[in-house]
Every structure is written in C-alpha cells, then in structure tokens.
Amino acid sequence: MKILTILCFVSLFAFNAHADERSSKESVEQLMELTETSKMMDAMQGQISAMFDGMSAQIGISEEERPAFESYMQKVAKLMEKDMGWETFKEPMIKIYLKHFTEEEVKGLISFYQTEVGKSMIEKMPLIMQDSILMSQDLMKGIMPKIQALAVELQKDIEESRKEKMADQ
C-alpha cells in the first residue's frame, strides 16, 4: 500500500490528459531530465528504507527478533533497489507519458518547468513527497492494528474452515 502511494506521487507530473497525437520519446526524456525524475526515484528509495525502519515498531518486533528482521529488511531493500530503481522504471514511464501526452503538451510542460515557478516545483516536490509519505505512515500507524486484527480473524476463519473440511472427510 505504501509503495502504491509512493508510485502515485511519482506520477504527479502526469495530468491524465488523453493524447490525440503522440509525443516523441526524446521530448519525454527531456521532460523527465528537466523534472529530475531519476532523483525523485532515488529519494523514494530512501523513503522506502525509512518506512522499513519504522515497520519493526509497528509490527512489534522484539529485541531478540530484531537481527532476523533487519537481515530480512536489508534483503528487501537491496531487491527493491535493484528491481525498482530508475533504470527499471525509465522505459515504462516513458511509455506511460507517450500514451497520455501529446507532443504539444510535453513541450508545454517543458516550458513550464523551465520557468521560475516550474523550477520551484521541481525543487519542492521531493519535500512534498517526503512530507506526504510521513503523513501516510502516521495514518498507517492508526490502521495497522486494525489490519492485523483482521488478519488474525482471517487466519482463524481459514483454520476453522480447514478443520470443518477435514471433519467432513
């Protein structure tokens, strides 16, 4: 869920316009370079790592369990860095932009991001993303116990169903 939230923030520059004429790959790459999309992806990786750090408290990891948890989370972080980094996202993101933006729209966005207001947005967007992720984490802290309770309930229901199935056989 948190990763979905993060990916939504990456697409803040995509304004869901329907493209009547396709934009060029070169223009989209220029837009992505101008908006420092790769740096935003790197910043997101840092935020994901920070989320992992806070997760141990949320799920009640004890001091004895901490080494195993940290080892696991390091493996997850390395996997995400390798398989979810900018190089993995770049081409699919270009295709998404090409699908939704016309060349005129991409050039308009490029023009906007070259203005002082556009540059300010580029500079402040990582901070907005960071604050948004922190806010999401705070919201998740409140809902995690409820989700965990539902998971326990689900597990009990499944176990009961399996016992009933075994008794019927």
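Reader: How many aromatic pairs does a search of the whole structure find?
Author: The search finds 2 aromatic pairs. The model is a predicted one.

Reader: What makes the pair of Tyr 97 and Phe 101 tilted?
Author: The angle does. The planes of Tyr 97 and Phe 101 stand at 45°. Stacked needs under 30 degrees and edge-to-face over 60, so this pair is tilted. The centres are 5.7 Å apart, and the limit for a pair is 6.5 Å. Tyr 97 and Phe 101 are both buried.

Reader: Why is the pair of Phe 112 and Tyr 113 called edge-to-face?
Author: The planes of Phe 112 and Tyr 113 make an angle of 70°. That is over 60, so the pair is edge-to-face. Centre to centre, the rings are 4.9 Å apart.

Reader: Phe 112: what makes this residue partly exposed?
Author: Its relative accessible area is 30%. Buried means under 20% and exposed over 50%, so Phe 112 falls in between.

Reader: And how do you know whether Tyr 113 is buried or exposed?
Author: Tyr 113 has 1% relative accessibility. The cut-off is 20%, so Tyr 113 is buried.

Reader: How do you know that the span of helix α5 agrees with its number of residues?
Author: Helix α5 covers residues 86–100, which is 15 residues.

Reader: Which residues of α5 are buried?
Author: Trp 86, Phe 89, Met 93, Ile 94, Tyr 97 and Leu 98. Residues three or four places apart in an α-helix point the same way, because there are 3.6 residues a turn.

Reader: Which residues have the most contacts inside the largest nonpolar core?
Author: Val 28, Leu 31, Met 32, Tyr 97 and Val 106, in a core of 20 residues. At least two residues each come from α2, α3, α5, α6 and α7. Helix α5 gives the most, with 6 residues. Another core, of 5 residues, lies apart and includes Ile 48, Met 51, Val 76 and Met 80.

Reader: Why is Met 51 called buried?
Author: Met 51 has a relative accessible area of 5%. Under 20% counts as buried, so Met 51 qualifies. Met 51 belongs to helix α3, residues 37–58. Its C-alpha atom is 7.5 Å from that of Gln 137, 86 residues apart along the chain.

Reader: What makes the link between Thr 35 and Thr 37 a polar contact?
Author: Their side chains are joined at 2.9 Å. Thr 35 sits in the loop between α2 and α3. At 3% relative accessibility, Thr 35 is buried.

Notes
Residues numbered from 1 in each chain as written. Predicted model: local features only at pLDDT ≥ 70, side-chain atom pairs only at ≥ 80, totals over all residues. Heavy atoms only, no water. Helix = DSSP H or I, 4+ residues; strand = E, 2+ residues; numbered from the N terminus. Expected span 1.5 Å × (residues − 1). Buried < 20%, exposed > 50% of the residue type's maximum accessible area, 1.4 Å probe, protein only. Core = buried A, V, L, I, M, F, W, Y, C linked by side-chain atoms within 4.5 Å. Phe/Tyr/Trp six-rings, centres within 6.5 Å; stacked < 30°, edge-to-face > 60°. Polar contact = N/O pair within 3.5 Å; in protein donor to acceptor, adjacent residues only side chain to side chain.
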